[in-house]
Amino acid sequence: MTIALFMKLFYTPNSPYARIARIATLELNLSNQIETQKVIARDPNSDLLNYNPTGKVPTLATDDGFILSETRIICVYLNHLNPEIKLVADISNGFLQQLEGMTSGFIDGIAVWVRELRRPLSEQSFGVIEFERERALRILDYFEKISDKLDQTPKLAHITLASALGLEIRLPDLQWRQKYPKLAHWYDEFSKRSSMQVTIPES
C-alpha cells in the first residue's frame with residue numbers, strides 16, 4: 001500500500017470516536033501530515049459525504065483517494081505511518097489486547113446511553129438506559145480492580161478509556177468518581193496530556 005503524504009481527518013467535536021483518532025494523530029506526531037476538518041453530524045450537505053457515504057466520523061481520507069472509517073482501523077493505519085511508537089496492541093501483548101476490547105465495549109455502551117438520553121423524554125427507553133448503566137458499572141468495577149496496571153503510556157486502550165470517561169460532562173447520571181477513586185486518579189493524570197486537553201469535547 002502506498003503511504004500518502006497528506007491526509008484529511010473528518011471529525012465532530014463531541015464524537016468520542018473521532019476524539020480517539022485525533023488524539024492518536026497527535027500522539028503519533030502526525031499533525032503535519034493530517035488536516036482536521038470539522039463537520040456537522042447527519043448533515044445531508046456535508047462535504048464528508050463526498051468521501052464516505054456512511055457519513056460517519058471519524059473518516060480519514062488520503063490524497064490518493066484512499067478512504068478509511070471506523071476508529072480502530074484508522075488508528076492501525078496511523079500507527080503504520082509511525083511504527084516506532086507502539087500505539088495499537090499486537091498479539092505480543094495479551095493484556096493490552098484484552099484492555100482494548102474492554103475499553104471498546106465500554107465506550108460503545110456509554111455512547112448508546114448518551115444517545116438515548118438525547119432523545120425526547122417520551123421516546124427514551126428506560127430498559128436501554130438501565131442496561132447501559134449496569135454494563136458501565138460492571139466495566140468500571142473491572143477498571144478499578146486493575147487500575148494498578150494502568151499507566152500513563154498513550155496506548156489505544158488508554159486513549160479509548162479516557163475518551164469514554166470524558167463523556168462524564170454529558171452524562172451526569174453516571175456519577176463514577178467517588179466509587180472509583182483509583183480510576184479517577186488515573187484519568188485525571190492522563191487528562192493532563194496536551195493531546196487530551198486540545199480535544200476536550202464541547203459541553
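Q175 counts as exposed, at 66% relative accessibility. Exposed means over 50% relative accessible area, buried under 20%, and partly exposed in between, for a 1.4 Å probe and protein chains only. The model is predicted: local features need pLDDT of at least 70, side-chain atom pairs count only at pLDDT 80 or more, and totals for chains, interfaces and linings use all residues. Residues are numbered from 1 along each chain as its sequence is written, and side-chain values use heavy atoms, with hydrogens and water left out.

**Backbone exceptions**

Q175 sits in the loop between α5 and α6. Its phi is near 45°, positive although the residue is not glycine. R42 also has a positive phi, near 60°, and is not glycine either. The loop between β2 (34-38) and β3 (59-62) holds P58, and R42 belongs to the loop between β2 and β3. The V57 to P58 peptide bond is cis, with omega near 0°. Most residues other than glycine have a negative phi, and most peptide bonds are trans.

Helices (H or I, at least four residues) and strands (E, at least two) are DSSP runs, numbered from the N terminus.

| Residue | Relative accessible area | Class |
|---|---|---|
| R42 | 72% | exposed |
| Q175 | 66% | exposed |
| T71 | 11% | buried |
| A111 | 5% | buried |
| I23 | 0% | buried |

**Helix α5, enclosed**

How many of the residues of α5 are buried? The count is 10 of 10, so the helix is largely enclosed by the rest of the structure. The list runs L156, A157, H158, I159, T160, L161, A162, S163, A164 and L165. Their cover includes α1, α2, α3, α4, α6 and α7. Contact here means heavy atoms within 4.5 Å.

I23 touches I159, S163, S195, M196 and T199, not counting residues up to four places away in sequence. I23 and I159 are 136 residues apart along the chain, yet their C-alpha atoms are separated by 7.4 Å. A111 belongs to helix α3 (residues 94-118).

**Helix α6, one face in**

In α6 (residues 181-190), the buried residues are L183, A184, W186, Y187 and F190. Seen down the helix axis, they fall within an arc of 160°, so they line one face of α6. The arc is taken over directions from the helix axis to the C-beta atoms. Covering elements include α4 (126-145), α5 (156-165) and α7 (194-197).

**Nonpolar cores**

A nonpolar core is a set of buried Ala, Val, Leu, Ile, Met, Phe, Trp, Tyr and Cys residues joined through side-chain atoms within 4.5 Å. The largest has 52 residues, and F106 and L183 make the most contacts inside it. β1 (7-11), α1 (16-27), α2, α3, α4, α5 and α6 each supply at least two residues of this core. Apart from it lies another core of 7 residues, including F10, Y11, A18 and V57.

F106 touches A136, I139, L140, F143, L161, A164 and L165, leaving out residues up to four places away in sequence.

**T71**

T71 is part of helix α2 (residues 71-81). Beyond neighbours within four places in sequence, T71 contacts Y17, I20, A21 and P58. A polar atom of the T71 side chain lies 3.5 Å from the backbone oxygen of Y17.

**Pocket and cavity**

On a 1 Å grid over the protein atoms alone, a cavity is a set of points where a 1.4 Å probe fits but cannot get out; a pocket is an open set with protein on both sides within 12 Å along at least five of seven lines, and lining residues have an atom within 4 Å of a point. Points join across faces, edges and corners, and volume is the space filled by probe spheres set on them.

The largest pocket holds about 950 Å³. Its lining has 38 residues, with S15, Y17, K56, V57 and R115 nearest the centre. Two or more lining residues come from each of α1, α2, α3 and α5. α3 gives the most, with 10 residues.

There is 1 cavity of 30 Å³ or more. The largest cavity has about 40 Å³ of space. P13, N14, S15, P16, R19, S163, L167, T199 and P201 line it.

Key:
A polar contact is a pair of N or O atoms within 3.5 Å; within protein, one must be able to donate a hydrogen and the other to accept it, and residues adjacent in sequence count only if both atoms are side-chain atoms.
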